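Student: I have a protein model to read. Please show me how to go about it.

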Amino acid sequence: MAPPPLAHATPLLPSPSSRRPTLRADILMPPPTCSELCAEAAAAGAGEGGHQVRATARRDVRSVCGKPEYVRACCEASLRRLGVDCIDLYYQHRIDTTIPIEDTIGELKKLVEEGKVRYIGLSEASPDTIRRAHAVHPITAVQMEWSLWSRDIEPEIVPLCRELGIGIVAYSPIGRGFFGGRGVTEPVSAESFLNGIPRFAAENLEKNKQIYLKIEELANKHQCSPAQLALAWVLHQGDDVVPIPGTTKIKNLDANIDALKVKLTDEDLKEIGSQIREEDVAGGRQYASFEHATWKYADTPKKQS
């Protein structure tokens, strides 16, 4: 059954006729070198349709600030460094649990009214935070980890987003490369950040290899790669779901695009979901030191009247 149409969400990808990059940024102050690179990319693509620039603005991934003055400072700094007048989709990328969400979204609402931001997004927000934020100003997108082995948002977050008409941006849809063979058919380098994620710890990875063997078998049935099947599964969760797989290799980018050709029936989705189960996964999905920044711990204080 198709999900309900989005009441407030805007398409997260530019139309083919667009002549301007689609800019997405996050509230976490970027180091100048990162922003300068983003600005150069934006300038380079400004005359060509279909380009996207996303400023991943973070000073310290463990430091989150949702104070109104900080929100405004980050936005205006991003606008200045990117050399644009407006950011299309601006995320609060992780939730400040010391500040009422109404204060943070209230300032973002002012930025929308001033024409500096078009649409507002949240990332790793709890159900209560999403609902309260949406009451201040419509939320266009909620970014959450969603893949065959990370499905904890399905009972609460997904139904809530659909009730409110919020698009879902699924990050790590290929399981941080696991469904592409990372840690199974190819080693995890000693320098890789994956070594800090429990699911990629040696003792857990040995158990999780069984999951990879299952999806490999299913992928052979659908005449695609395991990574393509994992991505296709996310794509088939609804028209309101936009997966954002990351890669540094052109061949993987091409393969990800080809995942759009994989067509799955309701029976296929049921079979895949029954074979690849989150409860069979060994280890958590986040660094132990970053677990507190996930949606399960993202409630904020009540706004005092």
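Predicted model: local features only at pLDDT ≥ 70, side-chain atom pairs only at ≥ 80, totals over all residues.

Student: How many helices and strands does the chain have?

Tutor: Helices (H or I, at least four residues) and strands (E, at least two) are DSSP runs, numbered from the N terminus. This chain has nine helices and seven strands.

Student: What share of the residues counts as buried?

Tutor: Buried means under 20% relative accessible area, exposed over 50%, and partly exposed in between (1.4 Å probe, protein chains only). Here 50% of the 305 residues count as buried.

Student: Which residues touch the most other members of the largest nonpolar core?

Tutor: In soluble globular proteins, nonpolar side chains tend to be buried together. A nonpolar core is a set of buried Ala, Val, Leu, Ile, Met, Phe, Trp, Tyr and Cys residues joined through side-chain atoms within 4.5 Å. The largest one has 64 residues, and Leu122, Ile130, Phe179 and Leu229 touch the most other members. Helix α7 (residues 226-235) gives the most to this core, with seven residues.

Student: What is Ile130 in contact with?

Tutor: Contact means heavy atoms within 4.5 Å. Leave aside neighbours within four places in sequence, and the contacts of Ile130 include Leu122, Val142, Leu160 and Ile166. Ile130 is buried in helix α4 (residues 127-136), as are Thr129, Arg132, Ala133 and His134. The cover over the buried residues of α4 includes α3 (101-113), β4 (117-123), β5 (139-145) and α5 (157-164).

Student: At what angle do α4 and α5 pack?

Tutor: Axes are lines fitted to C-alpha atoms, for helices over the stretch in contact, and angles run from 0 to 180 degrees between N-to-C directions. Angles under 35 degrees count as roughly parallel, over 145 as roughly antiparallel, 65 to 115 as roughly perpendicular and the rest as oblique. The angle between α4 and α5 is about 10°, with their axes 10 Å apart. The two helices are therefore roughly parallel to each other. Pro127, Ile130, Arg131 and His134 of α4 meet Ile157, Leu160, Glu163 and Leu164 of α5.

Student: How do α2 and α3 cross?

Tutor: Their axes come within 8 Å and cross at roughly 40°. α2 and α3 are therefore oblique to each other. In α2, Pro68, Val71, Arg72 and Cys75 make the contact, and their partners in α3 include Asp103, Leu108 and Leu111.

Student: Where does Glu76 lie, and is Glu76 buried or partly exposed?

Tutor: Glu76 lies in helix α2 (residues 68-82). Its relative accessible area is 30%, so Glu76 is partly exposed.

Student: Which loop holds Arg94, and what is the phi of Arg94?

Tutor: Arg94 sits in the loop between β3 (87-93) and α3. Its phi is positive, about 95°, although Arg94 is not a glycine. Arg94 is buried, with a relative accessible area of 8%.

Student: Is Gln223 buried or exposed?

Tutor: Gln223 is exposed, because its relative accessible area is 75%. Gln223 is found in the loop between α6 (202-221) and α7. Gln223 has a positive phi of about 55° and is not a glycine.

Notes
Residues numbered from 1 in each chain as written. Heavy atoms only, no water.
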